[in-house]
Amino acid sequence: MSQTAVEKILSQHVGHPVRPDELVIVPVDSIMASDATAPYAIRAFEEMGGGDLWRPDKVILVIDHAAPAPNQRIGNLHRMMREFAQEKGCRLYDVGAGICHQVMVENRHAQPGEVVIGADSHSCAYGALGAFATGVGSTDLAALMRTGKTWLKVPPTIRIELAGRLPAGTVAKDVILFLVGQLGLNGASYQAIEYTGEAIEGLTLAGRMTLASMSVEMGAKAGIVDPRGLELPYRFEPVWADKQAHYAQVLRFDLSNLSPQISAPHSPDHVVPLEDVQGTRVTMAFIGTCTNGRFEDLQAAAVVLKGRSIAPHVRMIIAPASREVFNQALQEGVVEILSQAGATFITPGCGPCVGTHLGVPGDGEVVISSANRNFRGRMGNPNAQIYLASPAVVAATALCGVITDPGQVMETTGS
Amino acid sequence: MKGKVHLYGDHVDTDQIIPGAYTKTLDVEDLAVHVFEYLDPDFRLRMTSGDFVVAGENFGCGSSREQAPLALKAAGIAAVVASSFARIFYRNAINIGLSVVEIGPHEIEKGSELEIDLQAGVLTDRTAQRTYPTAKIPAVMLDILNEGGLVPYLKKHGDYQL
């Protein structure tokens with residue numbers, strides 16, 4: 001039986017060849033919860049009877065959503081997580097280690113061909129590795145802590161073929177924003193997406209994570225990237241989709257003329273070419289998140305801002321995706337360039353993306369962000385507007401104080 | 001179940017159901033205070049316990065926060081009715097014992113009186129005098145809902161049973 005990549009991975013785990021829409025109980029390889037979801041998961045785990053974790057070495061807790069704790073209540077939730085990890089012997093990544101998804105990938109808690117479930121909607125990011133990964137809520141995660149299994153409906157797969165080579169000045173973020181705009185917020189609901197084609201073969205792991213992470217913005221259960229061209233710092237066995245696999249839908253897009261894309265307020269699928277909103281005045285710029293806070297994202301911003309200063313009316317906040325990302329950016333001079341340009345670095349973690357702290361915009365303010373969501377109030381203020389873009393666009397916009405195509409500011413200096 | 005309708009549109013995301021800043025608490029009463037704070041600030045004043053939230057497509061899209069169905073349940077909402085649901089919200093609602101009823105495209109108006117018979121799979125709009133069949137819930141989810149949520153389900157069964 002020919003299968004898609006997701007069907008193959010699920011079949012290997014379930015122990016028989018699965019079909020789309022079949023209900024299965026899946027043994028998983030590892031699970032994750034953050035400080036946004038772990039406290040309820042811990043409570044549900046105790047209510048289920050507590051005791052030992054299914055596999056302490058496979059249960060990963062990460063403090064990233066409100067790190068360091070901004071108030072007493074969150075301080076106590078973090079304490080609860082630390083005590084639980086200590087008592088149960090599971091791994092906890094504390095304040096400053098980074099965003100859960102980056103930490104999971106860097107530390108090999110998620111690997112190609114695995115089934116990884118996280119209590120965070122962007123857990124689909126591990127599809128970048130060729131893993132089946134999806135998000136659940138706290139109580140589902142508590143059940144996983146106990147049993148190492150979850151139930152799933154095998155998702156039908158949508159194959160998205162991305163032809164052409166990405167034009168200079170466009171990156172994975174432009175691709176995924178374009179796709180979210182095309183498919184809409186529920187264009188892939190309950191289904192898996194398989195990304196393939198020439199345009200993605202050259203993508204780094206970072207770019208693939210950008211792509212996979214935003215699969216959930218189309219409602220997808222999982223988003224898996226064709227392993228062709230994938231490079232990892234360890235040996236791995238890629239899972240290939242069969243050539244005759246059956247897809248629920250095959251969509252083809254030629255990206256050879258793609259231009260920088262922007263998602264306008266207040267929904268990730270309100271996507272327009274940058275030129276449509278060019279010149280919009282902004283007062284806050286943010287680079288970070290599980291979608292675009294990695295080294296190459298910071299580097300792309302540094303290329304734009306080297307030797308320059310951001311506009312006086314703009315504050316620029318940068319949250320590296322992990323300590324490892326921050327350290328690399330330090331070593332390679334990227335932090336210095338960005339700091340001298342006027343940017344402010346905050347703790348590696350989710351930062352202002354989730355509206356809890358570290359940069360809540362004021363009423364009427366306009367934010368340009370490399371994040372993945374711009375729902376009304378996402379950053380903590382329903383009266384602010386959020387535009388989503390690639391890190392280079394965020395940097396060029398911070399530089400000029402209005403939404404700007406980085407191609408234009410690079411041309412003027414001849415670089 | 002009988003109750004009054006609070007009507008919303010398509011793609012009501014979890015930030016509209018409960019803003020992220022208010023989710024870091026284990027006290028569900030704190031969640032209830034902020035339900036629909038951005039979308040419908042007067043919601044808590046207008047609603048009474050046992051009312052229904054009725055919406056369009058893709059209700060609960062966005063984050064995986066279980067605090068979204070918890071907030072609705074703690075506020076006294078008896079069930080969420082929608083044309084369709086985002087998958088994590090749907091799972092979360094059933095896992096915590098909040099009824100979610102999928103009915104496809106509908107013409108229910110705000111303030112209408114509804115009656116929902118989950119066993120029979122029928123939703124009746126008593127105001128418009130019209131009935132809608134409710135979508136079938138996968139068997140495993142029905143078992144979880146019948147036990148009152150995933151915690152009591154696993155306490156009873158110890159493991160998943162298909």
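So, A:Thr289: it's buried, because 29 other C-beta atoms lie within 10 Å. By buried I mean 20 or more other C-beta atoms within 10 Å of the residue's own, against 12 or fewer for exposed and partly exposed in between, with C-beta atoms placed from the backbone. The phi of A:Thr289 is near 85°, a positive value in a residue other than glycine. A:Thr289 sits in helix α9 of chain A, residues 289–292. Helices here are DSSP runs of H or I, at least four residues, and strands are runs of E, at least two, numbered from the N terminus.

Quick housekeeping. This is a predicted model, where local features need pLDDT of at least 70 and side-chain atom pairs count only at pLDDT 80 or more, while totals for chains, interfaces and linings use all residues. Residues are numbered from 1 along each chain as its sequence is written, and chains are lettered from A and ligands numbered from 1 in the order written.

Over in chain B, B:Asn58 isn't a glycine either, yet its phi is positive, about 60°. You'll find B:Asn58 in the loop between β2 (52–55) and α4 (67–75) of chain B. B:Asn58 counts as buried because it has 24 C-beta neighbours inside 10 Å.

Now the cis peptides. One joins A:Ala67 and A:Pro68, with omega about -5°, and A:Pro68 is in the loop between β3 (59–62) and α3 (72–88) of chain A. Another runs from A:Pro265 to A:His266, omega near -5°. A:His266 belongs to the loop between β12 (261–263) and β13 (271–273) of chain A.

Next, helix α11 of chain A, residues 323–331. Which residues are buried there? A:Val325, A:Phe326 and A:Ala329 are. They're on the same side of α11(A), because they cover an arc of only 100° around the axis, taking the directions from the helix axis to the C-beta atoms. After α11(A) comes A:Gly333, with a positive phi near 80°.

Last up, a helix pair. α2 (38–47) and α5 (138–147) of chain A pack at about 55°, axes 8 Å apart. The axes are lines fitted to C-alpha atoms over the stretch in contact, and angles run from 0 to 180 degrees between N-to-C directions. So α2(A) is oblique to α5(A); under 35 degrees would be roughly parallel, over 145 roughly antiparallel, 65 to 115 roughly perpendicular, and the rest is oblique.
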